[in-house]
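Hi everyone, thanks for making time for this.

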Amino acid sequence: MAMGILGPLEANAPTDACYRIIGLKAMLNLAMGDGEKARELAEQAIGYDASDRFASSVLDRLPETDPAMEAANVWENGGHLGR
């Protein structure tokens, strides 16, 4: 339910607030068990503001990326590094 409310808020929020909402969405995704989406959103929020507490908290709780998996991701993405 919270994710449904945050979508419209994010779409109409000023840039600073938008990235705070993205950090909050990362935390909610982690709570729902979607670590991959949580990492993606948290990295996006941290890229805008390195002091985002929601996003940094999410990244603190996720395991580090396994280098072997990173190599597999590059292969799957046609040679482009991405998540």
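Quick one to start: does Glu40 count as buried, exposed or partly exposed? Glu40 counts as partly exposed, because its relative accessibility is 39%; the cut-offs are under 20% relative accessible area for buried, over 50% for exposed, and partly exposed in between, using a 1.4 Å probe and protein chains only.

Before going on, some housekeeping. This is a predicted model, where local features need pLDDT of at least 70 and side-chain atom pairs count only at pLDDT 80 or more, while totals for chains, interfaces and linings use all residues. Residues are numbered from 1 along each chain as its sequence is written, and side-chain values use heavy atoms, with hydrogens and water left out.

Okay, back to Glu40. Its partner is Lys37: the two form a salt bridge, with the closest N and O atoms 3.4 Å apart. By salt bridge I mean a side-chain nitrogen of Lys or Arg within 4 Å of a carboxyl oxygen of Asp or Glu. Both residues sit in helix 3, three residues apart, about one turn of the helix. Helices here are DSSP runs (H or I, at least four residues), numbered from the N terminus.

The whole structure has four salt bridges. Another one joins Lys25 and Glu10 at 2.7 Å, N to O. That pair links distant parts of the chain, with Lys25 in helix 2 and Glu10 in helix 1, 15 residues apart. Both Lys25 and Glu10 are buried.

Then there's Arg20 with Asp52, whose closest N and O atoms are 3.4 Å apart. Here Arg20 is in helix 2 and Asp52 in the loop between helix 3 and helix 4, 32 residues apart. Asp52 counts as buried because its relative accessibility is 1%. Asp52 also caps the N-terminal end of helix 4, with a side-chain oxygen 2.9 Å from the backbone nitrogen of Phe54.

Now the middle. Which residues make up the largest nonpolar core? There are ten, among them Cys18, Ile22, Leu41, Val58 and Leu62. A nonpolar core is a set of buried Ala, Val, Leu, Ile, Met, Phe, Trp, Tyr and Cys residues joined through side-chain atoms within 4.5 Å. Helix 3 gives the most to this core, with four residues.

Last stop, helix 4. Ala55, Ser57 and Val58 are buried there.

Technical notes: Helices (H or I, at least four residues) and strands (E, at least two) are DSSP runs, numbered from the N terminus. A polar contact is a pair of N or O atoms within 3.5 Å; within protein, one must be able to donate a hydrogen and the other to accept it, and residues adjacent in sequence count only if both atoms are side-chain atoms.
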